[in-house]
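Colleague: Could you walk me through the aromatic rings in this one?
Modeller: Gladly, let us look at the structure together.

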Amino acid sequence: MLRRSLSRLCAGEEKRVGTRTVLVGHRPVADTEAYVAQKFCDNRIVSSKYTLWNFLPKNLFEQFRRIANFYFLIIFLVQVIVDTPTSPVTSGLPLFFVITVTAIKQGYEDWLRHRADNEVNKSNVFVVENAKQVRKESEKIKVGDIVEVKADETFPCDLIFLASSSPDGTCYVTTASLDGESNFKTHYAVRDTTVLCTDEAIDTLTATIECEQPQPDLYKFVGRIIIYGSNQEPVARSLGPENLLLKGATLKNTKKIYGVAVYTGMETKMALNYQGKSQKRSAVEKSINAFLIVYLCILLGKATVCTTLKYVWQSNPFNDEPWYNEKTKKERDTFKVLRMFTDFLSFMVLFNFIIPVSMYVTVEMQKFLGSFFISWDKEMYDEEIQEGALVNTSDLNEELGQVEYVFTDKTGTLTENSMEFIECCIDGHKYRDCMAEVDGFSQPDGPLKYYGKAEKSREELFLRALCLCHTVQIKEADQVDGLVAHPERKYTYISSSPDEIALVKGAEKYGFTFLGLENNFMKIRNQKNETEMYQLLHVLNFDPVRRRMSVIVRTSTGKLLLFCKGADSSIFPRVQQEEIQQTKVHVDRNAMDGYRTLCVAFKELTEKEYDRIDRQLNEAKMALQDREEKMAKVFDDTEADMHLIGATAVEDRLQEQLAETIEALHAAGMKVWVLTGDKMETAKSTCYACRLFQTSTELLELTARTVGESDRKEDRLHELLLEYHKKLIQDLPKNRGGLKRSWTLSQEYGLIIDGSTLSLILNPSQDSGSSNYKSIFLQICLKCTAVLCCRMAPLQKAQIVRMVKNTKGSPITLSIGDGANDVSMILEAHVGIGIKGKEGRQASRNSDYAVPKFKHLRKLLLAHGHLYYVRIAHLVQYFFYKNLCFILPQFLYQFFCGFSQQPLYDAAYLTMYNICFTSLPILAYSLLEQHISIDTLTSDPQLYMKVSDNAMLQWRPFLYWTFLGAFEGLVFFFGVYFLFQNSSLEDNGKLALDTRFWTWMNHFVIWGSLAFYVFFSFFWGGVIWPFLKQQRMYFVFAHMLTSVSTWLAIILLIFISLFPEILLIVLKNIKEKNHQAGPFDLPVLVSYKRIENGYVKAEDAVTNLAERYPLRIP
């Protein structure tokens, strides 16, 4: 009966599904209540991947999913099962080394996660049981426990806020570890439990909480609490996000709070938001896989050729069964096809070292160690926030050198997100100067024909609206971390939005001061130094869909007022149309000046209207299902038929060196697109200020203004798209060569599009026949030098990035932003960059790289990105080159041993070649090489284009390196096959020839590897090893080095093998000296590509650049 009566009270009860019921303090309710106990998870947090028992099988399974590892495992098994010419150790030991190193790395990372989990799970918390505090470990908290949290402590689970040490039942929280917001947020206790602020009092509470099942949205919570009194009817109160204290958040400026656990452990919102980032694969990985397939085909070809020629050779009976090696009966009776298959496998094993198994572990080490150079870069350290750059994903270092499209947010990314109140407009009159009284300087704005100022009552109404319509809180200055803006003021403002603080401070400049909220009464001090009290009845919170927020207050005289502030696009349709024009002129002008604008409106409510609104709001708040939709409908009905008072202008300053950074990115061949939620005029002026748009840029608009709001807007959009397509594509001559970066035309074009028009393009109506909108729009975008997308929702930002990312040629995209609304596009792009800004750290936490300021993007891409790409490209090509050079003599040797599968190298050299003789020099090169100085790369952005489009890992450079490996293998085999000399000497010589930035480490590993080779050869051949059946190399190396002819042969053959490289460099340097015009020389890189006129503007210095820095193409 009781439950049914509550069901009628609470909208949505009859259809709710997926809810949970929590007994506060585990105290059962009245006997009449039927309650089925529910099972909830414990409070343990598990972010680790492995356990002690599953680490080995799980890690091995994951590693052998990699093609190269699986291939070498098969080769190893073949060597064990089939009688092959080489020992299983030759492939087993390198494979074991790679698997072991990777397992240790992954195991260490998981151990760190285990340690972090234990720190959280074993931390002490206080739970109220039987009116006493009981100390428990965090992992032992259960759903329903009443937990006490003290100041500066972290909430151990998701709690419903019941009471606090503050008499008004509020507390202040920072959620920096969740969404990065460093500002204080105010949370409110349940109205009926605020007085229960002691252990004894809170233990008397009998209540149940009904709420939705766990879901990851940090800003959404729907529930209600039913409080049972001893002799009273149960009281139901709604619960929302303002009542929920999230695990991971920290209590600030409040002595203590009591809360009841509703979500624990892996069901907390923090745990549900923990998700591994989607695996992003770099272009280098794709090239490695393609090259592996080629070398696998070479391997199969070698094995096939040798198997075929072996049986051709053995077709002669004398060769098949010589007198000194007669076959056994078993060998004669073996099926010929089976013999051919086992011979094929034996040749595969013999030549399998052409596949570089150790390359993967070297690449991983290079990426991991190389990422520290970004973190250590002092020029990317910001003194203001005392932080530098952060690398969250080291797998994409080389992608930083391949970026073609940069998608950036505006507020907080291009601007400082440091708001300053500039001016306001009241009834069309501009107020700009700081005045003690409002009766100061005032001037008309726009084409108005009258002078003077607004009426006194209107001025005061406007300023009262600024003081009342917000969610700002006040704290004493000595209780708040950070600097106090005004030393003479004994308090400071706290808000999650810097805009709101700027507006409250702006009202203070004009004589109205907000004094805080106490017992639901807002206090302000007016110009006459009198304190005014307003009862706060309802707050209609801001949301990105409505783009406005409102408050309903009752004055001391009993008058009911609704104040509303928001974007002009959301306020103008809701006010009297005749009031708009005089304010719209002011708003448009401020937007053109680059200011952020908000409009302010109000309306007076009758008691009857308020009662209806109050009833509707309470009903909507009590709904467990579709609460947001019901609330939105009530908000929409309430915020109607208002009266416009005026508008505000707040300045968000541009970040330092912003224009120079964007110009450098343009010069490097990158397109910069701005994706923002701001209005078009504000964003456009910012684009001009940061030189994204030049004065000569012709702007093409696809906005609500150009498309129109009529029923024909889709037809009008189609006409505009065809017109712009004709102008940019059909009427312009095609660029020579069709190069991907040939986007800069003699006439520069910029495109502006807003969110509503983008929705028409991406989601056309079924009957519009506009399926080709998207392709035409994309062609237009790709031809523009810059694109501005304004009024964008977060999802639309991600759609734009995805659309460009999936175009023909798959250009590398980069997204950069600072707020939670930028996370979707950061995750969507190939490379995501987070700004450690004032909107929080959620963007930087979800990004691949985080930097303090936008200006650091220049060095990150032009210097670090360029060098990372060159280094890893050289590493990949070098691995394939040296293995081909090493194994080709083995293949040629078969022609001289009757294809008998006789190995050319001793098993020890086969095993040590990739692990010891040649691994460290290339690793050092790939970490330390600077073929061009960092200062040069940063100051000359056009050098970035020389490695664009994965230039150093295309088929032409790959074939060049393959030719070098084959040539040097031929030289060494035919020069020294009778000496059985190893080729690692020559490989390291090639690397020394390529190194341009010598450090002590390069010298140590290159010459040290050669010395180790010599030492190993003496050691291996100088001792009789008891575990070897035969000692093939006993004193061979030492005896060889006693011969002068051996020394001469080594020196001569190294010179002959490197001679083509030396000759090319000498000829190129002679040519450079004849044409050099620059103040410095740039080195010659084999795989650099030429810059053609089609890449950048003909009038730019590309031709001069090519003459100054001619680079060699094989």
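**Aromatic pairs**

Modeller: Ring pairs link Phe291, Tyr295, Phe880, Trp955 and Phe958 into a cluster, where rings of Phe, Tyr and Trp (its six-membered ring) pair if their centres lie within 6.5 Å, and planes under 30 degrees apart count as stacked, over 60 as edge-to-face and the rest as tilted. This is a predicted model, in which local features need pLDDT of at least 70, side-chain atom pairs count only at pLDDT 80 or more, and totals for chains, interfaces and linings use all residues. Residues are numbered from 1 along each chain as its sequence is written, and side-chain values use heavy atoms, with hydrogens and water left out.

Colleague: How many aromatic pairs are there in the whole structure?
Modeller: The search finds 23 aromatic pairs. In one of them, Phe347 and Phe351 have ring centres 6.0 Å apart and planes at 20°, so this pair is stacked.

Colleague: Is Phe347 buried or exposed?
Modeller: Phe347 counts as buried, at 0% relative accessibility, where buried means under 20% relative accessible area, exposed over 50% and partly exposed in between (1.4 Å probe, protein chains only).

Colleague: And what is the geometry between Phe880 and Phe958?
Modeller: Phe880 and Phe958 are edge-to-face, 6.3 Å centre to centre with 85° between the planes.

Colleague: Switching topic, which ring does the charged end of Lys302 sit over?
Modeller: The charged end of Lys302 sits over the ring of Phe351, 6.0 Å from its centre, the criterion being NZ of Lys or CZ of Arg within 6 Å of the ring centre and within 35 degrees of the ring normal.
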